[in-house]
Amino acid sequence: MIDTAHLSRALTERFGLEVEASATAENNGQKIIIGPCGIERTISFRVELHLGWRTVSAAFIPGNYASGLVLGMKAATPSQQAAFAVFSDSLKSKGAQVSLELDSVQVDASKPSSWPNDWGTIRISMKKVGVVVEKSSGYDFDATFPWATGFFGLALALLPLEEIDESAIEGESEGAALLKLVKQYERSRINRAACIEIHGTACRICDFDFGAQFGELGEGFIHVHHIVPVSEMGGSYSLDPGKDLLPVCPNCHAMLHRRKPALTPDELLCIRKGG
């Protein structure tokens, strides 16, 4: 069995949402169930990751009474949709097939502009054939984690990350639980995770990697720098995690902000190289 305690910690660190993972054996491999802690899955969601022989597949499964969650996903902002596209493109770049169905109609997961404005059901899935995640003692964590984080990012990207009107959600208990999930999660964390999905966790200025230096203690730790300052974004700015964010170590992050306005990453790279 894969180390689900390690997986839970790593996903929690990456996304800033307390995550619980469990695993069960299947005839042809292993099923890993991933979901947020502290909320009944009937009104929340889970991700099912299936590890087989040279195959990885995953599915997003909302709870039977998660209509409020789906309603919030339909109202996702352009920034959230951009983050969803980042995770979709990342999985596709690894050779996976990513499927997004809205009202049972297949749409391009990487092109939110092509999605219909009004829909009632959502299905998200992924499959990769020809990938080796097995090892003699079970399944390899390092080989499995990129698929877990990539697809879990898809599941989180469209979540309603701001408080929504409870009166728009049928069922008092469901509304309260959804708001609890909303309050647990910060919008900036999905953008941070999307940035890391593209650029990795090594500093893009000096290449320092906390995980390589400190093992599991440093795994996933990195600062994320806003290339466009938050103060200049304004309320209508639609953040693109691939273009507007960059992973940097705390030292380089501090150096970027040693001047006002902040140095650009290219300017700091030039200084570091003595240019």
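The lining of the second largest pocket in this predicted model is made up of 6 nonpolar, 5 polar and 7 charged residues, where Ala, Val, Leu, Ile, Met, Phe, Trp, Tyr, Cys and Pro count as nonpolar, Asp, Glu, Lys and Arg as charged, and the others, Gly among them, as polar. Of these 18 lining residues, R14, F145, T201, E219 and G220 lie nearest the centre of the pocket, which holds about 320 Å³ of space. The helix α4 (141-157) is among those that supply at least two lining residues, as are α1 (4-15), α6 (187-199) and α7 (210-214), and α4 gives the largest share, with 5 residues.

Residues are numbered from 1 along each chain as its sequence is written. Local features need pLDDT of at least 70 and side-chain atom pairs count only at pLDDT 80 or more, whereas totals for chains, interfaces and linings use all residues.

Of its 275 residues, 47% count as buried, that is, under 20% relative accessible area with a 1.4 Å probe, protein chains only.

Confidence, given as pLDDT from 0 to 100 for each residue, has a mean of 85 over the protein chain, with 86% of the residues reaching 70 or more. Over residues 162-175, however, pLDDT stays under 50. Where pLDDT is low, the predicted coordinates should not be read in detail.

Technical notes. Side-chain values use heavy atoms; hydrogens and water are left out. Buried means under 20% relative accessible area, exposed over 50%, partly exposed in between (1.4 Å probe, protein chains only). pLDDT is the predictor's confidence in each residue, from 0 to 100. Contact means heavy atoms within 4.5 Å. On a 1 Å grid over the protein atoms alone, a cavity is a set of points where a 1.4 Å probe fits but cannot get out, and a pocket is an open set with protein on both sides within 12 Å along at least five of seven lines; lining residues have an atom within 4 Å of a point. Grid points are joined across faces, edges and corners, and a volume is the space filled by probe spheres set on the points. Helices (H or I, at least four residues) and strands (E, at least two) are DSSP runs, numbered from the N terminus.
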